[in-house]
Amino acid sequence: MKRFTNACVNFMNKFLPDAFIFAVILTIIVFIAAMPAAGASPLQLVMAWGNGVWGLLAFSMQMALVVVTGTAFATAPIVKKVLEAIAKLAKTPAQGVALVVLVSGIANFLNWGFGLIVGALLGRAVARQLKTVDYRMLIAAGYSGFVIWHAGMSGSIPLALNTAANLNPETGMANTGGAVTDLISTGETIFSVWNLIMIAVVVLLTAFIFAISHPRPEDTFIADPKLLQDEERTYPKPVTPAEKIENSRALALIIGIAGLVWIIVNFFIKTEVNGIMFGKGLKGLDLNAVNFIFLILGLLGHGTPIRYVHAVIDAAKGAAGVILQFPFYAGIQAMMVFAAGSTGTSLAAVISNFFVSISNNITFPVFTFLAAGIVNFFVSSGGGQWAVQGPIMMPAGLALGVKPAVTGMAIAWGDQWTNMIQPFWALPALGAAGLGAKDIMGYCVLTLLVMGVVGIAGFLLVGALGLSAI
């Protein structure tokens, strides 16, 4: 296993370009493939690409803030102590990478935005504790927990299927092609027994594989101690009125308390304020809420406004990859779904329809999983993938007698699967860790293989045992 892991790492180091170059190459591939599939002219695709470049602008800002607020929060003294305490549970390199996989998996099940940063930061903490552990593998382990996010509590598809606002009395649930006319509870999707078993198998098996695959001492990548150290600033005693305001703990406390009130009401107190319902529990833990929590806790953790300002300035360096590359992935997504050519279809639809054509009621869930894995490589957003594949796969599954809940989760599982060899989602973790995509993708191949085996076997069993039958 160590030999295979080293081969994957060496291959990725030699042939995987910088994440930005990878995005550029994907752009060219999709451009060429979409012309015959969509029957589109080069000009049509260029215009679709250019118009789509800013399609993820709001999301890009959210992801940049995930990096900045998460990293700044992690540099607060109290957070460092908590992470170091967890990191001390690992006594060997093998235990270290396994621990990071397990904690990251749990965090990503709760919320993917939270999990992405927690995995990277815990990896850094373990590297500070264990001087002989492979740093690249630690960060890959932290990112590997992300492989189960769409099957967890912040999964776009299962939450969309359980959201009343998406249900139209005349056309059914949005993005289902009329196949779903009633809400599907999370008990049938996220908290179904088969989904929870598959999640547990993926996380535990990945942790085990990482543990037994840790490189030999001569092959271990030891992080530069400077990479693991957070910049320590000195703050002289404030003298001028401006300096006293900047260093005012009272100001940080006032804003912090106001933020904590919002957090408590938003999650725990059922009430209506200004026409908005609060008290949604973990259902209210969306990406904006995660960033807000990091923002407030980071301010409180650093104690004074100026200390938090400096922490954010330092953390902002890690968001460069998100700012540069996300527009290109938005353009790729726009070309994948472009359907105004002579065929009236899109490249994403061609891929999905192929797998539908070779399916039956038993194999449909696994073929849906495989189709979603391919489409995900080019359509990076989980919500975007649902909009592309939902209207195709959901009616097809219903026609074959497959439960809509199973079809929806098969798309979700495929969406999260190929993230392990797609640098797009790794960018926030890489930014927090100070590494590049080629540094971790070789190790992520292990997670990809584990997920592929569990996904294929799991959905074949779901179909064969009749768990998917209506």
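I began with helices α5 and α7, whose crossing is right-handed (the near helix is turned clockwise from the far one by less than a right angle). I kept in mind that this is a predicted model, where local features need pLDDT of at least 70, side-chain atom pairs count only at pLDDT 80 or more, and totals for chains, interfaces and linings use all residues. Numbering runs from 1 along each chain as its sequence is written, and side-chain values use heavy atoms, without hydrogens or water.

Next I looked up the geometry: α5 (residues 77–87) and α7 (residues 112–129) pack at about 65°, with axes 8 Å apart. Helices here are DSSP runs (H or I, at least four residues), numbered from the N terminus. Axes are lines fitted to C-alpha atoms over the stretch in contact, and angles run from 0 to 180 degrees between N-to-C directions. The two are therefore roughly perpendicular (65 to 115 degrees).

I then listed the contact (heavy atoms within 4.5 Å): Leu83, Glu84, Ile86 and Ala87 of α5 meet Leu121, Leu122, Ala125, Val126, Arg128 and Gln129 of α7.

On to α1 (residues 2–15), which packs against α22 at about 135°, axes 7 Å apart. That makes this pair oblique. Their crossing is right-handed. From α1, I noted Phe4, Cys8 and Met12 among the contact residues; from α22, Tyr443 and Leu446 are included.

Last, I checked what Trp413 touches: leaving out residues up to four places away in sequence, I found Ala151, Asn195, Met198, Ile199, Val202, Phe369, Met451 and Phe459.

Note on methods:
Angles under 35 degrees count as roughly parallel, over 145 as roughly antiparallel, 65 to 115 as roughly perpendicular and the rest as oblique.
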